[in-house]
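Have a look at the structure, then read on.

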Amino acid sequence: MSVPVIAQGSVLRAAEGAAAIQLDELSPPGGLLLVMPHPDDETLGCGQALAAAADAGRTIGVVLVTNGEGSHPGCDRAKLVAMRRAELEEALSSLAPRRPAAVHALGLLDRQSRQGDLTDAGQEALFAFANIIDPQAIWTTSYLDPHCDHITAHAIARDLAQHYRAPLWSAPIWGRFGERRLPETELRLFEAPSLAERKRFALSAYRSQFTDLIDDPEAFMMPAPLLAHFAAHPEIFHRD
């Protein structure tokens, strides 16, 4: 996937006239399950909404499809996995300081994942985790996102939503940039200005992704204009 450098595209244009959505529609009282491809996607795509759900007393679980170890090919894998998990925990503590979110890692290969890679044991552990959360809503990344791990996350989330008969909401991340088709359902916008600072603090936890902390010529690093966009733009959702 090529990384864009400018925050523009057909989805963003369509979102300019999108209606607002309130937390109770996104996440009815009870459990909320997020299925995310990498550590940081939960903050980029829906950090303010996650913070609002935590403040409203939702029981929150985060399923990590991969550990994000593909972002720095030249880095020691075990060290990078530990670093990214620590960044996730720091970000979640900023977003949900009074109601910690539980995390379950599937451990699929970053940049190579497919839904079919989940073993029977992995599937059983996933449902055991989801049963504890008892999701009344599920959030994930969008099928519009041109990244295999995001597509895998969406497919896993779709199956969970069907199993628990829970609404599935998708947050486009990379799919909001560039010229592409729009989702089949309307775009909705979530914004909570009082929570914007908590999202910015959560984003700042991801030093491995958004700074030159790690010296690796093949490393991913979020372009500054895109990071500023995610920090300031209302969060985009569409129903699946």
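Does Asp-134 count as buried, partly exposed or exposed? With a relative accessibility of 44%, Asp-134 is partly exposed, because that class lies between the buried limit of under 20% and the exposed limit of over 50%. Keep in mind that you are looking at a predicted model.

**Two residues with a positive phi**

Asp-134 sits in the loop between α5 and β5. Its phi is positive, about 50°, although Asp-134 is not a glycine. Arg-111 also has a positive phi without being a glycine, in this case about 70°. You can find Arg-111 in the loop between β4 and α5. Here are the two residues side by side:

| Residue | Phi | Relative accessible area |
|---|---|---|
| Arg-111 | about 70° | 44% |
| Asp-134 | about 50° | 44% |

**Helix α5, one face in and one face out**

Now move to the helix that Asp-134 follows. Helix α5 runs over residues 120-133, which makes 14 residues. From its first C-alpha to its last it reaches 20 Å, close to the 20 Å expected at 1.5 Å a residue.

Which residues of α5 are buried? They are Gly-122, Leu-126, Phe-127, Phe-129, Ala-130 and Ile-133. Viewed down the axis of α5, these buried residues fall within an arc of 160°, so they line one face of the helix.

On the face turned away from the buried side, α5 carries the exposed residues Asp-120, Ala-121, Glu-124 and Ile-132. And what covers the buried residues? The cover includes the strands β2 (31-36), β3 (59-66), β4 (102-108) and β5 (135-141), along with helix α6 (148-164).

**A pair of helices, α4 and α7**

Elsewhere, helix α4 (residues 77-95) meets helix α7 (residues 196-204). Their axes come within 8 Å and cross at roughly 170°. That angle makes α4 roughly antiparallel to α7, because angles over 145 degrees count as roughly antiparallel.

Which residues make this contact? From α4 come Ala-91, Ser-94 and Leu-95, while α7 brings Arg-198, Lys-199, Phe-201 and Ala-202. Sorted by class, the contact has four nonpolar, one polar and two charged residues.

Key. Residues numbered from 1 in each chain as written. Predicted model: local features only at pLDDT ≥ 70, side-chain atom pairs only at ≥ 80, totals over all residues. Heavy atoms only, no water. Helix = DSSP H or I, 4+ residues; strand = E, 2+ residues; numbered from the N terminus. Expected span 1.5 Å × (residues − 1). Buried < 20%, exposed > 50% of the residue type's maximum accessible area, 1.4 Å probe, protein only. Arc of directions from axis to C-beta. Contact = heavy atoms within 4.5 Å. Axes fitted to C-alpha atoms, helices over the stretch in contact; angles between N-to-C directions. Parallel < 35°, antiparallel > 145°, perpendicular 65-115°, else oblique. Nonpolar A, V, L, I, M, F, W, Y, C, P; charged D, E, K, R; others polar.
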